[in-house]
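Subject: Handing over the two-chain model

Hi there,

Here is the structure I promised to pass on. Please open it first, and then read my notes below alongside it.

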Amino acid sequence: MAASSAIDLSQALVMSSAPLADWLVVLPVVWCLASGAVLLMLRKNVRIQPWLAIAALLVLLGLDGLLLWHVAQGGPVTMVMGRWLPPFGIAFTVDLTGALFAFFAAVIALAGGVFAAEDIDASGRRYGFYPFLMLLMAGVSGAFLTGDIFNLYVWFEVLLISSFGLLVLGSERKQIDGAVKYAFLNLIATTLFLIAVGYLYGLFGTLNMADITVKAAERRGDLPLMTLASLFVLAFGMKAAAFPVNFWLPASYHTPRVVVSALFAGLLTKVGIYALVRVMVMLFPVEREELSFMLAAAAAATMIFGALGAIGQSDIRRLLGYLVISGIGVMLAGVAVGGPGGVGGALFYALHSMVVMTALYMTAGVAGRIAGSFDLHRSGGIYGRTAFFSALSLVLFLSVSGMPPFSGFWPKVMVAKAAIDIGAWWLAGAVLLTGFLTMIAVGRVWTLAYWRPAEASAVADAVPRTSALVPLCLLVLVTVLVGLFPDTLLSQVQSAAALLLEPSAYVGSVFPQGVR
Amino acid sequence: MEALFSILIGLFFAAAVYLMLSKFLVRILLGVAILGNAVNLLLFTTGRIVREVPPIIPADLDRQMAVTANPLPQALILTAIVISFSFFAFLLVLSYRAFQDLRTDNANEMRVAEPEADGAPPTGY
């Protein structure tokens, strides 16, 4: 048989090299993997580990900052792997949402890296805290930056295995117990995600998110997309700890080292929310509309039960675990309401929650050390020992309950207003009630652990360490600045939501010549 | 052929869910292993099962002349197998360690992180 006519490879292959600026799209992930590998090799060298890691995280913050600037200036950017053009090759596509999340994740990770310098002892470093942190960041950045849904699954697994490593670091009995529940349930959640990806591939024959967006819009009528969307909601809801699949979170988040809890609270559940927003808002907008009542009910339950759970806890760290959950409820409410206000509010709240929940866990760690206990029955006297640290804590307490003028206020206003606009007054009421209940929960921590005089027998180091205060000040500064000057972030978040709701720029960046 | 596979996958899922509903870690582990395999079969079936040639293009041609099997699901399964196997190994070690430390493999009795006698917070000074 003679060779058929020559094939025009330019349709399937990248023929020119990528512009230098496009490398920014993959650099955060590559940098994390590379520096994680270097840190792994220098694992025994416990003295220089923190310095190297903090330097690496600073570089990561710079890279993510550049990426955010690049994307904010020029719209979504795509880079493809292995010369294959989408939909054949794996694409990394970054739009404003992904870049914003990646940037805030880098801020959190830097704060965590500095906080860990004193919080993690030599044995924790020898067992690889910093390499795990860098690999976790590789997974998180990859999940935020990828444009391919199977790739998203792989990054989920990368961050999951790193989080297992961090969770059992120290291997106390309590940690093993928490890790069992965390590991099994999260693995089942990612497996559910993989099932959904399998069906998605079966229906569309493609895994590229931009390609799926286009094809789903064209062939909505004759495909069982509702089943698929519900599976995604279940999988990501479990990842993000939405009611009723959230009980792995309070069972495990209080067990590891404080800085590990802080990083988890800031990063992991938000990856779930990010994936939910990406899939439900961008890929399946019609299905999101149909599922919106179910989502709203789950959101209200998550908010209320999370806040009530927080009121019922006497351990500060477990209380914070429930606050993470109630925050997820607000984001879910934003996704359920939809539209620029709802989605924008959800994104804004996610970014706020990343900063504030991380800072709150760090606060809890310092407070536990000063008061001598995490138990509200026994702790006390923090205000008498250090007023400055108490002031920082108070800012965070007010911010998490959504009080003005801190960063929690604006996204709650956005979500509540969007809910009222579509007539879901009960959802807006749930948001406000959650703020009230959260205020009670953190107010109790304030009165008992901070105001109440210390017991005479309590022995503790009175002053918070510098390595704890520096990241705390940084994060508090972020929440205060965002609260006082919300305009910059607000406009970015609104255009990010607009890009998600109308993803033609995203699709255009993946397929510059149009979808074939 | 796909219908037969669908039934098989359904059986796998049923067995996996049944095992994962147990309170004993070893059974849950077996459930996780079966679940992983069920998903792999599902991915394989989504690529359509055909009795065709492998997608290899002969040296003297520049395109495939016959219908070929779909290589992508196989690549996906390969990734998924590696991941699910490594996770299974991790969970196995974790469960064994939990059994050593907590002296039980009954999830209901694992109450170290969430003790049952955890009282309500104080209501006053």
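Let me begin with A:Arg278, which is buried at a relative accessible area of 1% (buried means under 20% relative accessible area, exposed over 50%, and partly exposed in between, with a 1.4 Å probe and protein chains only). Its partner is A:Asp95: the two form a salt bridge whose closest N and O atoms are 2.8 Å apart (a salt bridge is a side-chain nitrogen of Lys or Arg within 4 Å of a carboxyl oxygen of Asp or Glu). A:Asp95 sits in the loop between strand S2 (91-94) and helix H3 (96-119) of chain A, and A:Arg278 in helix H11 (residues 258-283) of chain A, so the pair ties together parts that are 183 residues apart in sequence. Helices (H or I, at least four residues) and strands (E, at least two) are DSSP runs, numbered from the N terminus. A:Asp95 is buried as well, at 1% relative accessibility.

Some background before you go further. This is a predicted model, in which local features need pLDDT of at least 70 and side-chain atom pairs count only at pLDDT 80 or more, while totals for chains, interfaces and linings use all residues. Residues are numbered from 1 along each chain as its sequence is written, chains are lettered from A and ligands numbered from 1 in the order in which they are written, and side-chain values use heavy atoms, with hydrogens and water left out.

Back to the charged pairs. Side chains of opposite charge can pair when their charged atoms come close. Over all chains, the search finds 13 salt bridges. Another of them joins A:Arg257 and A:Glu172, at 3.3 Å from N to O. Here A:Arg257 lies in the loop between helix H10 (248-252) and H11 of chain A, and A:Glu172 in the loop between helix H6 (149-167) and helix H7 (173-204) of chain A, so this pair ties together parts 85 residues apart in sequence. Both ends are partly exposed, A:Arg257 at 23% relative accessibility and A:Glu172 at 34%.

Next, where the chains meet. Contact (heavy atoms within 4.5 Å) involves 48 residues from chain B and 53 residues from chain A. Together the chains bury about 4,400 Å², 71% of it on carbon and sulfur atoms; buried area is the accessible area (1.4 Å probe) that two parts lose on being put together, summed over both.

How many salt bridges are there between chain B and chain A? The count is 1, and the side chains involved are A:Arg318 and B:Glu114, at 3.9 Å from N to O. A:Arg318 is buried at 8%, and B:Glu114 is buried at 19%.

On the side of chain B that touches chain A, the elements giving two or more residues are helix H1 (2-20), helix H2 (25-46) and helix H3 (71-102) of chain B. H3(B) gives the most, with 15 residues. For an example from chain A, look at A:Val154 in helix H6 of chain A: leaving aside neighbours within four places in sequence, A:Val154 is in contact with B:Thr79 and B:Ile83. A:Val154 counts as buried, at 19% relative accessibility.

A few backbone details are worth a look too. Most residues other than glycine have a negative phi, and most peptide bonds are trans. Against that background, a cis peptide bond joins A:Phe243 and A:Pro244, with omega about 0 degrees, and A:Pro244 lies in the loop between helix H9 (225-240) and H10 of chain A. The bond from A:Pro404 to A:Pro405 is also cis, with omega near 5 degrees; A:Pro405 is in the loop between helix H17 (387-400) and helix H18 (409-421) of chain A.

As for phi, A:Ser171 has a positive value of about 40 degrees although it is not a glycine, and A:Ser171 is found in the loop between H6 and H7 of chain A. B:Arg103, also not a glycine, has a positive phi of about 60 degrees. B:Arg103 lies in the segment after H3 of chain B and is exposed, with a relative accessible area of 62%.

Happy browsing, and do write back with any questions.

Best wishes
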